[in-house]
Every structure is written in C-alpha cells, then in structure tokens.
Amino acid sequence: MLVKKSLLAFFFIVALLTIVACSSNDGASTNVNESANNNGDTAFYDGKSLEILIPTSPGGGSDIMGRFMAPYLHEHLEGNPTVQPVNVPGGGTITGSNEFALMREANGEHTFWASISTTTAYLLNNPAVKFDYKEMTPVLGYPDGGVVYISSDTGVTDPSNLLEANQQLVYGGTSATGLPLTTILSFEVLGLDVDAIFGYESSGPARIAFEQGETNIDFQTTSSYLSNVLPLVDSGQAVPLYSIGQINSDGELIRDPQFPDLPTVKEVYEAIYGEEPTGQEWEAYKAFVGALYTVQKVLWVHADAPEEAVKALVVGIENMVEDEEFAVEGQQVFGYDPFVGEELQSLMNQLLDLPDGVQDWVVEYLLREHGVEL
Amino acid sequence: MIETLFQTLEIVLDPSRIGFMFLGIMLGLTIGLLPGLSGTVGMSILLPFVYGMDPFTGMALLIGMIAVVHTGDTFPSVLLGIPGSSGSQATIMDGFPLAQKGEASRALGAAFFCSMIGGIIGGVVLFLVIPFVRPLVLAFGSPELFMLALLGLSMVGILSGKRPVIGIIAGLFGMMLGTIGSAPAVPEYRYTFDWLYLFNGIPLPLIALGLFAFPVLIDLLVSNQSISKGAKLSGSWLTGVKDSLSHKWLVFRSSALGAVTGFVPGLGGSVVDWLSYGIAKQTSKKNESFGKGDIRGVIAPESANNAKEGGALIPTLMFGIPGSGTTAILLGGLLLMGMEAGPQLVTTQLPLTMSIIWTLIIANIFGAIACLLLIKPIAKFSTVHPSKLVPFLAILLILGAYQTSNHWGDIILFLVIGIVGWIMKQLDWPRAPILIGFVLALSAERYLWISFSRFGLEWLTRPGVIIIAVLIVAILASSFFLNRGKKIKTIAEDKGVKS
Amino acid sequence: MKKSHASLLFLVLVFCLFFWMMIQAQSFQETASYFPFYIALLAGILTVVATIKQIVTLKKTKDEELFHENFMNVLKYVGWIVGYIVLIYVVGFVLASMIYLFVFLLFEARMSILKCLVSTGATAVLLIAMSQFMDLKWPSSLITFF
C-alpha cells in the first residue's frame, strides 16, 4: 500500500514539475519574440513593465507620492508600460535602497524613489549603505521645505528678538542623525542655546510635545506645517521664525517659494548680528539644505541602464509634469514644482557633492554637541 | 453637532457608499479570519483603489475594513488557539479552552456580540470626545506615557499565574526582544548581527504567530485528536449572547477601557486586549476559572478590541499621528483623496468625521451579524482531525508570516520563535507576558529617556504620573493579596492543546 | 529527559542569553545601552533566583514527568515544517505548498489519492486567487516557476 502511494506521489510530483517547467518555457519563448520585436522602431517600454521601488512601508508621504505618479507615468511614457509601485521597507529605507542598487537589474525596468532618510544615511556614511548615487541617474526630483516655529510663551514675537527668550529653549525630535539634523544645524548657525531632546517616535509626537509645552521650539515639514501648525499660529500659540529655505544654482540660500513671507536663516542671522553668517556651521547648513531639501524626493534609475530607457524616462516625465491634471492634482501631494531632465542631473551632481571638510565637521559636531557616534 | 451627525447619515446611506462599505467589511472579515494577516495588509490592498474616490466613499471602504478586522479575527483565536490578528491574543486564554470543551459556538456568540457592542461604544466615544479631544490628548506628556507603559507591564504580574518569577522573566525576555533593532534617539542598531532585516526590529505579528500558532501546529498533530477532543459541539451562539447580557457591566467597562486606551497616542492599541483581560480578571469575583474557559475571559478582550478602533482614530484624524500600521496607511489614503488629517477634521470637515463614526457603527453591526451566521459552518473546524487540518494551516501561517515584511527573515524568525514558544509551552512558561513586554519595551525606553532628559527627576511629581502610579500599585497589591488569600491559586497560564 | 531537568536546562540557556545581551549592551552608545543593560541585568538575576528555586524543588521532590512523552513525534512534525520551508526556498511557494500538502495528506492523513489530488488542486487555485485579489507576496526562491 505504502509503496503504491509513494510511487503515485512521485509521479504526481514529476507531472507537476513537467507542467510547470513547460509553462515557464512558454513564457521564456514569448519573451524572446517580444525582444525580437523591439529591435524595430517600437518604443522601449512597449510591452514592458516599470517598477518603482519605494523603500518605506505603504502609507507614508513618500509612498503616497510614488503611488500617485504611477498611473501618470503609465500614461506618459512611450509604450505605456505597466507601472508597479513596490514597497521594500526596513532599515530606515536602507534595505530598499541597497536592494535596488545590488539586486535589481540595470535594464531600465526598475526605478527607485529615494527620500530624505536615504540621502541622510548616504551623506553621513552610514555603514549599512551599500548603494552609491554616483551609479544612478535622477529622472525626477521634488523639493521639500519646512518651518521652524517657537512657542509664544517664550516671549519671542519676531525672529529678530530670538536671543531674548525668557525661558530655556527646548527642541524635541527623533534623532540627531535624522530629519532634525538640518534644524539643529540652523540653531548652531544662529548661536541659539537650545536644549535638544531626541527619542520621539516621529515628528508627529514631537509636535504634540510642543503643544503640551514639553518643548517650545519645533520644526515641521511643509505639508504638516500647513495643516497642523498654522492653526496654532492663527490662535497665537506659535510664532513662525524662519523657513529652512532652498539653495539656488549659485549656491545661495533663498526663501522657500511656499513661504515667501518667511525669512531664511541667513536673514534672521543678519537681523540679529548685523552681518552675514560665516564659518563651518554655515557651510554645513547650506550643504545639507541643498542635498536634503532643495531636491528631496528623487526618482533614480541605474546609470548603466540602456540609453533609450533613460531617454524614454526623461522625455516621458517631462511630458508628465506638463500634464495639467497632474500639476493640479499633484499640488496637494507634492507641494512643490518638480525638477526634470538635464537641469535635475546637473543639480543633483552639484548638491550631493559636499564641500571639503563639511562631512568631517558634521560628524565631529554631532559627537561634541549631541554625544552621537557615527 | 448633533444636526451634522444626522445630516451625515444620509450621505453614508447612499447606496453606492453602502456598497463600498460592504466590500470593506467583507475584506476586513476575511483578513481577520486568516491568521497572520492584519489590518495593515488590508489597508495596503485597498490603498490603490481609493485614489480619486470622493472622501466619503473612500472612508466608507477603508473604515468598513478596519472596523471588522477584530470581529473576524476571533474565529482562529477561539477555534484554533491561534491569534487571528494581534488584537485578539487575549481571547485565546479562555476562548480556546471553551472550544476544547465543545463550547465554541457559545464563545464565538459572546465574542461577536461583544465585538459589536464594543464597536458601537467606540464610535459613540469618538463622537462624544470630539469637543474635548485636544485637552484630552495633550494631557499625556512623555512622563505620563511612560507610566502608562508601566501600567501595561504590570499586567505581567496578573498573567503570570502561580509562578510570578517565571512570568516576570518572560516579560523581561519580551522586552529584550523589543530592544532588537534600531535604538530610539541615536543611530545604534542593537543585537542585529549586522543583518539588515533586523534593523527595524522583529515585527509583532511574527512574535504572536510564533509563540501561539507554531506550538498549535505541532501539538495538534502529536495529540492526534481534534480540538474539541471528540466532544459534541454543544450550545448555540444564543447562549453566548445571553452570557454577554448577564455581564453587561463588564461589556460596557471593557469597551470604555478599549476606546480610552486606543486614543492615547504613542502607546498604540496593541496591548488593549491584555489590559482588558487582566483588569477583568482582577476585578471579577470567583476568578479561579479564568484561563480554563471562563466566558468573561472572552467578553472582556473582545469588547475592548473593537472599541479600540474608534479611540485609535482620534489621534490619527485630529493630530495626524498614526498609532499603528493600519492608521498610518489610513493617513496616506486621506491624502490620496485630497484630504489632510488635522484639526480641520473637527471644524470645517466635521461631516467627514461624522461619516467615519457612522461607518464604524454600521460596519460593526453588519460584521457581527455576518460572523454570527458563519459560526455554524466554521465551528466545525474544531472537530476536524488534525492531520487533515494542520497542513492547510501551515501553508496559511507561513504565507501570513511572510506578509509582515516580505522578507525571508519573516519565515526564519517564525520558525525560531515558534520553537522557543513550543518549549516554553511544554515547560509551562506563560507566553502572554512576552508579548506585553515586547510591545511596550520601546515606548517605555523612549519615554523614560525623554522624561529624564527633559525634566530630570521632576517628572516624578507630576499629578498624572502619581495617579497612574497609585493605579499600578493598587493592581499589583490586589493581585498579590488575592493570590495569597486563596488556597487554590489562580492559574492563568495560556492553556494550549496539551499533547 | 525529565521535565524538571529540561526546565533547568532551559533556565540556564535563558540565563546565558541574558548574560550575553548584557555584555553586548555595554558596547552600545550610552543613550542606547542603559535600557537593555538594566533589563538584562534584572532578568539575569531573576533567572538565577528561578534556577535556585528549581534546583531546590528538584532535590525535594522526585519528579517523574517526562519532558515530552512522544518526543520523536514532535521532531517528526517539526521536520515536516522545516522540510516544507526548505522546499519553498528551493522550488518556490506554490509548488512547494502543493507538494507538501499532497505528500502530507497522503502519508500522514492517509487520505485517498483522489481526495488528496482534489484538496491540493483546490488549495492551489485558492492560493493563486488570493495572491491575485489580495496582492499577497510570495517568498522568493532559487528556482521560481511561477
């Protein structure tokens, strides 16, 4: 009985394997046909698919952006590929980034949607980072920004009397090497004596801590500032100080287009000290604003992907951002105007290339002021 | 506000929206029913579809799903002793022993009825607190949140049963598991062996599945008899409903507790079922039978875990702070529909919030009814011979485990934690404390650190901190005296299948 | 192995784990090390207490209860699951599940071949349908057929 059963089981498995093997062969042969067709003058993405690798779990701001643009990419890329957003969360976005660089084929069918955590880890030489932006080409980039604001309990009513707060300034954030990095650098530039407390789960709870009075100076990125902090400003509980700003093509810090009425750190410094900011901390601040905010969310493709793929992506995305519907609907999701094409490529080269000494100075600063070893 | 409430009902009852709500309910029930799949999976499935929907329809779909996950997840918890999702772990403690006695229908009937009442109360609480939501949430600073984490941890004392030392060790073991991964505040990765998979820490569903589900797979097969051990399926779900009605006070206070725990941001609702179970056990008369198939042990966590969803929406919608993976995706969904979470949801966008409340209530009612109808066919699983049940379960569990982060590490950890869980079960180690310690470790560490670095020692004198401290002492003391007062000590070990 | 001996062994292993974690914790940055260090320290001390209690009871009472009456069976069933996981790694999730299910039902449940085939087929259809409609992901494997 048992022997009979074993035999049957064996045949069953063999049959299964054969069926499966045959079907996969079929798949392979059709693929060959397709690629043969591609030698003609059909579009590169004809019949292909395009993956957007998102290194966070579903639902975050960055993920929503990736998902939002998927149908538009499908529509505007020549050949109308199926566009598939894929979440590879973990390791503070490093897992997904490494997976893209090391395990995805450079065939133009894979793109990677990087966010601020990815770039921060990259700039601070996190040992887990196994990818290099130098081996990727940016095809779409979006800026982000944010505002530093203070509690009206401190007696500060205007950025210019920032140094005359009547209580110890306390700032709360996630970690000195995360989103708060640029903010604490701005405190350093302005010579503010701020007690920085880290360990909050994300910037949402840190904002609640501000409302509770646990902290009295805080930073929120643009979308969160507009929906959650503006009501506090209107009711007189919070006073906006300055926006994080953007770096223009001359390397100068300029006002955030979303907040044309708010000064930059540079203007605040001039109002307080009567001169332009200088020194290592100022260089570091500008470098990090450039690399982390001026172009924050970037769609990358492998640099060694087929040339026609990169070209198709660049052209398709240029068409996409000119699409009226995309621009209108996207305003809510992205908040800023995008960078595309060659402008983006040269800008990214410039921004990610930190000036000499900045990196070392930041590492030394984090250890000295915040006891953080990298 | 009341006026808006009734005007919104019309919007919610629009046929197309009701249709989407039912779609959400069906998905939510399925996800709950399948062990290993949590609300997060359901949300990720639905997210692409809400794009472009009007917010009322989209919310009907999403909230319909969220509302009933903790209704459907009772099936595996009661029938198999496997947590259907992380919200129904405590239901296993008494629900599974009831199923082993052949009283699965009664346990399920009580569970679904309580889920429904809990869900409705959760919706009502959400409605009632709208005017006070700001001061309420702002009352919890980091020191208070730390104390709440301690309150949760004190449940370990209640759930440890006759061997308190072992129970506490188990709780501490859970806390150590919770410290794996990236540390709060500094870029330090603890106990990760440089394995990138562990940088984010071990996912909670894997701990729950490993500790409770894996041992069931093995022991069912070894025992070589069905879960109901040949006992006839007796009793109908109506008995369970009657049980719930005779404990209506317990239903009510567990639901209220669930809703309140849900809205405390930063703590999440992951321990609400244990909290409710522990407090019910502690405050009930004749509580020796807890852990051996006491219907009150089903009523308490089931009332709380559905009520929690209403509460958990408060910080999510009004402050934009997600308390769990599910609510994090909900925020993303809102954004896709052109809405943003924030204080405007209780001012200019009040109708949307009202529609959410209605959806919660309606979905809970229909979810419970659907589950009641499903009891009869599904309860038969407890009479199936294990060798015909386990292989299907194994496939389902491994597939479910893999969905937590889509990484091979999920499957490996499921196996490793499962083997440890099996050994613990064999040696009568309570496993519930591990879960509690695990869930609360990071919050405890985070808020303790913030409390000290912000306030020094001063935080110990804050009134909120003192109130919660008194509560903790009262709970621990009562558990100590009750235990001593009794000849036969309570056994709250997690009863599984004995082989 | 007797149950009391197994308990003792497990406690010692747990103690080693806590001890190792405590030592490891000291190599972390200060902010990240205090919590795991003190928790592991406390856990270690309690484990020693529990071990001593266990030894005392071991000496007082003669415990004849075995760790497990049917340990070979346990190993066998753990083996089934490990084998299934290895199979997933090699041939992919769907195929591995079908093979595992079929063979298990045939040999362990002693179901008739027809029933096995029907169950396996139905499960496969269900799995594929689920992955389609619920967007479930399948583990990657060495050879992925589908």
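**Reading helices and contacts: a tutorial**

Tutor: Let's start between two chains: 43 residues of chain C are in contact with 39 residues of chain B. Keep in mind that this is a predicted model.

Student: Which helices of chain C supply the side that touches chain B?

Tutor: At least two residues each come from α1 (3-25), α2 (30-60), α3 (71-91), α4 (93-107) and α5 (113-134) of chain C. The most come from α2(C), which gives 12 residues.

Student: How do the residues on that side divide into nonpolar, polar and charged?

Tutor: On the side of chain C that touches chain B, 30 are nonpolar, 10 are polar and 3 are charged. As a general idea, the size of an interface is often given as the accessible area lost when the parts come together.

Student: Now for helix packing. At roughly what angle do α7 and α13 of chain B cross?

Tutor: The axes of helix α7 (residues 104-129) of chain B and helix α13 (residues 248-263) of chain B cross at roughly 50 degrees, coming within 9 Å. The two helices are therefore oblique to each other. The crossing of α7(B) past α13(B) is right-handed.

Student: Which residues make the contact?

Tutor: From α7(B) come B:Cys114, B:Ile117, B:Gly118, B:Ile121, B:Gly122 and B:Val125. From α13(B) come B:Val251, B:Ser255, B:Ala256, B:Gly258 and B:Ala259. The residues of this contact divide into 7 nonpolar, 4 polar and no charged.

Student: Let's turn to burial. How many of the 11 residues of helix α5 of chain A are buried?

Tutor: A residue counts as buried if 20 or more other C-beta atoms lie within 10 Å of its own. In helix α5 (residues 180-190) of chain A, 10 of the 11 residues are buried, so the helix is largely enclosed by the rest of the structure. Among the buried residues are A:Pro180, A:Ile184, A:Phe187 and A:Leu190. After α5(A) comes A:Gly191, with a positive phi near 70 degrees.

Student: And is A:Glu318 buried or partly exposed?

Tutor: A:Glu318 has 15 other C-beta atoms within 10 Å, so this residue is partly exposed. A:Glu318 sits in helix α10 (residues 307-322) of chain A.

Student: Which residues does A:Glu318 contact, leaving aside neighbours within four places in sequence?

Tutor: Those are A:Val340 and A:Gly341. A:Gly341 is 23 residues from A:Glu318 in sequence, yet their C-alpha atoms are 7.1 Å apart in space.

Note on methods. Residues numbered from 1 in each chain as written. Chains lettered and ligands numbered in written order. Predicted model: local features only at pLDDT ≥ 70, side-chain atom pairs only at ≥ 80, totals over all residues. Axes fitted to C-alpha atoms, helices over the stretch in contact; angles between N-to-C directions. Helix = DSSP H or I, 4+ residues; strand = E, 2+ residues; numbered from the N terminus. Parallel < 35°, antiparallel > 145°, perpendicular 65-115°, else oblique. Left-handed = near helix turned anticlockwise from the far one by under 90°. Contact = placed C-beta atoms within 7 Å. Nonpolar A, V, L, I, M, F, W, Y, C, P; charged D, E, K, R; others polar. Buried ≥ 20, exposed ≤ 12 C-beta atoms within 10 Å, placed from the backbone.
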